[in-house]
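The following note sets out numbered points on the structure shown below. It is intended for a colleague who wishes to check each point against the coordinates.

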Amino acid sequence: MTDRATTEPPAPASLSELSARMSEEAVRLDKELGEVELLISQARTEATRHETRRAAAAEKLTVALAAATARGEVADTTELNAQLVLMTKRAALMETQVDVLEGKQRALTRFRDSIAGYAQALQAVPAGGAEAAGPPTKGRKGSGTNAAAVDPIGSLPPAVSRLLLGAQEDMRREIARAMHDGPAQSLTNIVLQAQIVERLVRTDPARAAAEVGQLVAMVQQTLDATKSFIFEVRPMVLDDLGLVPTLRRAARDRGRRAGVPVEFESMGQDRRMPMDLESGLFRILDEALAGYLDARAERVTFKLDWSADQIDAAMYAMRTAAETAKAAPETAAGKDLPPALAAMMEERRADARSAAEHAQRDSIVALPQSTWREIQGRAATLGLTVDLSPDRSEFRLLAELPPVADQEA
């Protein structure tokens, strides 16, 4: 505890100090981005070189097999198979490395831009208030009634700093855990599989060919999982194309993984929005979709309605109701039935009504309460209006869009 406390920098005592630290952090991020760019360039060069060698090895193997077949002989392709396996493994690993580095580069770029923007905004805050007052001191003399007029921001930086650091560590911890349990573990399995293939190439080339197919499938699966992981952390298509293409892909991918059809429709002319609003809308709608799919929906309808000044989003989840026997209708003749028979028929009608009500309730897919709380918190931060139907099966979101002129400015 003592060592950790001594390594942490002291909390900023003023807005100017906080701004200076954020500017320094932006400079450090610039340097790290330069290093990442260099690594990406090297990884791309290596990936191209290994892919060229892999293609050459595959061509040599094909030529050798064709020549042996023409002579009616069995070709000894042990060495060629080993080269092909090695080149395939190296090319796949380098391609994965490029994808991971590019994802890190984009995330760092956005973080650097945000830090630089916040630092610039803090520099524009006029001096005085928090600057002149500095951090509050217990029993400070001469404050008098002016203490109430002191800008409260001056007392917030230490707490805000701790919150920001804690949030960053939580985010890094989650990303590290996801990378360890996902792509990193898959890459380890690929290396083990490649070693198995490498041994089989020397002892059993026929079996090695089948194992190579399994290795290629594992590589493809890992690439897909890595791309999905990057999309979960921060979908690049959101920055490049906007909200609608990103939501369309999220609906398609989540529906495919859950085996549930998701009907997505966007009506009206969509447009780009400020980054914070666009990201917030995506996170809210994606969380709602994931919540309904986790609640065992059999079909989800997802619609966006764009107008000149607002966007109206609606999501409805449903599940097929079980068929129930219809209750016997009451007739005038039923009044003349013996009491025992009339009671039996009434009991059957009550059972049928109860079964129908149960089936109706079971057909309702309710958004989980935990998901709804997260959505409400995020919406409140962004000033968005969200609503949930009484049975929790229909989710609505209404967002006011800033004028186009404001966005261009």
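1. W372 and F395 are both buried, where buried means under 20% relative accessible area, exposed over 50% and partly exposed in between (1.4 Å probe, protein chains only). The model is a predicted one, in which local features need pLDDT of at least 70 and side-chain atom pairs count only at pLDDT 80 or more, while totals for chains, interfaces and linings use all residues. Residues are numbered from 1 along each chain as its sequence is written, and side-chain values use heavy atoms, with hydrogens and water left out.

2. How many aromatic pairs does the count come to? The count is 2, under the rule that rings of Phe, Tyr and Trp (its six-membered ring) pair if their centres lie within 6.5 Å, with planes under 30 degrees apart counted as stacked, over 60 as edge-to-face and the rest as tilted. F264 and F302 form an edge-to-face pair, at 5.1 Å centre to centre and with 80° between the planes. F264 lies in strand β1 and F302 in strand β2, so the pair ties together parts that are 38 residues apart in sequence. Both F264 and F302 are buried. W372 and F395 also form an edge-to-face aromatic pair, with 6.2 Å between centres and 80° between the planes. This pair links distant parts of the chain, since W372 belongs to helix α11 (residues 369-382) and F395 to strand β5, 23 residues apart.

3. The chain contains 12 helices and 5 strands; helices (H or I, at least four residues) and strands (E, at least two) are DSSP runs, numbered from the N terminus. Of its 409 residues, 32% are buried. With contact defined as heavy atoms within 4.5 Å, 71% of the contacts between residues at least 6 apart in sequence join residues at least 24 apart.

4. In what order do the strands of the open sheet lie? The order of the 5 strands is β1-β2-β3-β5-β4, with mixed pairing; two strands pair if DSSP finds at least two bridges between them. The edge strands, each pairing on one side only, are β1 (262-267) and β4 (385-388). On average, neighbouring strands of this sheet are turned by 10° against each other, direction ignored. Strands β2 (residues 299-306) and β3 (residues 310-318) run antiparallel and are joined by 8 bridges. R299 has M318 as its bridge partner in β3.

5. Two helices lie across the sheet strands. Helix α8 (residues 243-258) lies across β1, β2 and β3 and runs at about 170° to β1. Helix α9 (residues 275-294) lies across β1, β2, β3, β4 and β5 (394-400), at about 180° to β5. Here axes are lines fitted to C-alpha atoms, for helices over the stretch in contact, and angles run from 0 to 180 degrees between N-to-C directions.

6. Among the buried residues of α8 are L243, V244, L247, D253 and R254. The packing partners of its buried residues are α6 (205-233), α7 (236-240), β1, α9, β2 and β3. Just after α8, G259 takes a positive phi of about 70°.

7. S393 is placed in the loop between β4 and β5. Is this residue buried or exposed? At 2% relative accessibility, S393 counts as buried. Leaving aside neighbours within four places in sequence, S393 contacts Y292, M315, Y316, A317, I364 and V365.

8. L398, in strand β5, counts as partly exposed at 29% relative accessibility. L398 and Q310 are 88 residues apart along the chain, with their C-alpha atoms separated by 7.1 Å. Not counting residues up to four places away in sequence, L398 touches Q310, I311, D312, L384 and T385.

9. F229 is located in helix α6 and counts as buried at 16% relative accessibility. With residues up to four places away in sequence not counted, F229 touches I175, A178 and M179. F229 and M179 are 50 residues apart in sequence and 8.2 Å apart in space, C-alpha to C-alpha.
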